[in-house]
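Good morning, and thank you for making time for this item. I would like to take you through one model, and I ask that you keep the sequence and the structure in view as I speak.

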Amino acid sequence: MKRLLILGGGTAGTMIANRLHRLLGQHEWDITVVDQDDSHHYQPAYLFVPFGTYTRDDVVRERRPLLSHGVELVLAEVKRVDADADQVVLKGGRVLNYDYLVIASGTTPRPDQTPGMVGREWRRSIFDFYTLEGAEALFEALKHFDHGRLVVHITEMPIKCPVAPLEFTFLAEAWLRRKGIRDQVELVFVTPLDGAFTQPVAAERLGAMLEQRKIHVEPDFMVERIDEDHRALVSYDERVVPFDLLVTVPLNMGADFVARSGLGDELNYVPVDKHTLQSTAYDNVFAVGDASDIPASKAGSVAHFAVEIFVDNFLALIAGRPMTGSFDGHANCFVESGDDKALLIDFNYDTQPLPGKYPLPLIGPMSLLKETRTNHLGKLAFRHIYWNVLLPGHPVPLPSHMSMAGKHDPTEEA
Ligand SMILES: Cc1cc2nc3c(=O)[nH]c(=O)nc-3n(C[C@H](O)[C@H](O)[C@H](O)COP(=O)(O)OP(=O)(O)OC[C@H]3O[C@@H](n4cnc5c(N)ncnc54)[C@H](O)[C@@H]3O)c2cc1C
């Protein structure tokens, strides 16, 4: 038996296990997934928890039923990979051997990395929504919030779902309006970027939406610490942003075992070839999903498109053929904008998000970089697609590679 070991049973790990289980000879391949706990979270739903749209039951499912019968699930924390010996050591000392290893351990918010963040104000006036516990605590806090400065903050890039803080800001603005207290609340968006988003056309569109909603943007803000006594963010260049309620996205980092194993960069992401996802150090090691250092968005959609390329390449590799599939960094993200509307952005390593229609040119039904109700319904529907189509590894009729069909570049037309 050949052994494929997958570290992390989240979005990427589950899809890979289920797809390859179907495609590989079940008597020739032993597929094992290791995860530290038995709760698979649909993380995009965290965004809606603070506003009471979703609760824990909408977000969490047990892992075992999500994996095909025949895939082994080991519930234990990974302590270390010994890539020279093709071995993984688990907490408690158990050792797993492998022929091929996929690191799919994602990225995690690390509030402990910013001085003053996890102090006495944590979950009192400082919240996050990148964990379910954080999103639930924020739901309770928002119930009692009726005036003051609400500051939404990104500590440092990269973060998973880089548009989620903007989505939270738009949803909060709409929620305050619905509650009739928008006038009593000053909304501020604090970012290390020089504008609302990284890419020029989307940054301009999203920046204009913040302006229309009278949300002040504090750009180029590199937080040094949080001053708990004065409830304020303090930057390295000594700017001070006071808050009554802070909703922060802490520094995101790959798993500690990646660093412990000598397999990571300074943020614990695994260096890989950005087209094949193969480790730059070990030919039998791959990193798929948020765990890798590829210069794409850390997003479930990226994990999905990357898995498609990875699976084809993996089948070629074990058959002794060259890996010809090339991942282009394709990302496809809905951006909730409040009032039951959303935008959609579609881009890759080389092409920024552009306006147009998706997935069918001219027809859509989704609109790119435009607020529509159809996009919002698409975002809500995606939760069902995630559990029932994506995770089981069924084909989704969306191309893995980004297409220019139906798009136009306003900067070229100008
Ligand atoms: C608030 C929010 C909103 C989002 N919205 C969107 C969206 O709208 N669209 C989109 O495409 N994406 C969105 N995302 C991002 C998306 O959820 C992630 O990019 C996706 O889940 C990445 O998949 P992954 O398999 O790489 O990592 P994960 O799904 O995070 O899985 C990693 C797994 O590894 C396990 N693990 C980690 N360390 C260890 C260890 N030491 N031992 C054992 N197991 C370990 C974890 O328990 C976890 O199960 C959002 C994320 C958040 C937080």
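Strands, in what follows, are DSSP runs of type E with at least two residues, numbered from the N terminus. Please bear in mind throughout that this is a predicted model.

Pro359 has its place in strand S23, residues 356-360. The bond joining Tyr358 and Pro359 is cis, with omega at about -5°. A cis peptide bond also runs from Gly364 to Pro365, where omega is near 10°. Pro365 lies in strand S24, which spans residues 364-368.

Let me turn to the ligand. Which residues come nearest to it? Of the 29 residues around the ligand, these are Thr11, Ala12, Asp35, Val78 and Asp290. For Val78, a backbone N or O atom lies 2.9 Å from a nitrogen atom of the ligand. The side chain of Arg63 places an N or O atom 3.0 Å from a ligand oxygen, and a polar backbone atom of Ala299 is 3.4 Å from an oxygen atom of the ligand. On its own the ligand has 1,000 Å² of accessible area, of which the protein covers 92%. The shell around the ligand comprises 12 nonpolar, 10 polar and seven charged residues. Helix H1 (11-23) and helix H7 (300-318) each contribute at least two residues to that shell.

The largest nonpolar core has 119 residues, and Leu7, Ile103, Phe129, Leu206 and Phe310 have the most contacts inside it. H7 gives the most to this core, namely nine residues. Beyond its neighbours within four places in sequence, Phe310 is in contact with Ile16, Leu20, Val102, Leu277, Phe286 and Val288. As general background, nonpolar side chains in soluble globular proteins tend to be buried together.

Finally, I would draw attention to two backbone angles. Asp86, which is not a glycine, has a positive phi near 55°. Asp86 sits in the loop between strand S6 (78-82) and strand S7 (87-90). Its relative accessibility is 26%, so Asp86 counts as partly exposed. Glu238 likewise is not a glycine, and its phi is positive at about 65°. The loop that holds Glu238 lies between strand S16 (232-235) and strand S17 (240-242). Is Glu238 buried or exposed? Glu238 counts as exposed, because its relative accessibility is 68%.

Definitions and conventions
Residues numbered from 1 in each chain as written. Predicted model: local features only at pLDDT ≥ 70, side-chain atom pairs only at ≥ 80, totals over all residues. Heavy atoms only, no water. Near = heavy atom within 4 Å. Polar contact = N/O pair within 3.5 Å; in protein donor to acceptor, adjacent residues only side chain to side chain. Areas by Shrake-Rupley, 256 points an atom, 1.4 Å probe, with all protein chains shown as cover. Helix = DSSP H or I, 4+ residues; strand = E, 2+ residues; numbered from the N terminus. Nonpolar A, V, L, I, M, F, W, Y, C, P; charged D, E, K, R; others polar. Core = buried A, V, L, I, M, F, W, Y, C linked by side-chain atoms within 4.5 Å. Buried < 20%, exposed > 50% of the residue type's maximum accessible area, 1.4 Å probe, protein only. Contact = heavy atoms within 4.5 Å.
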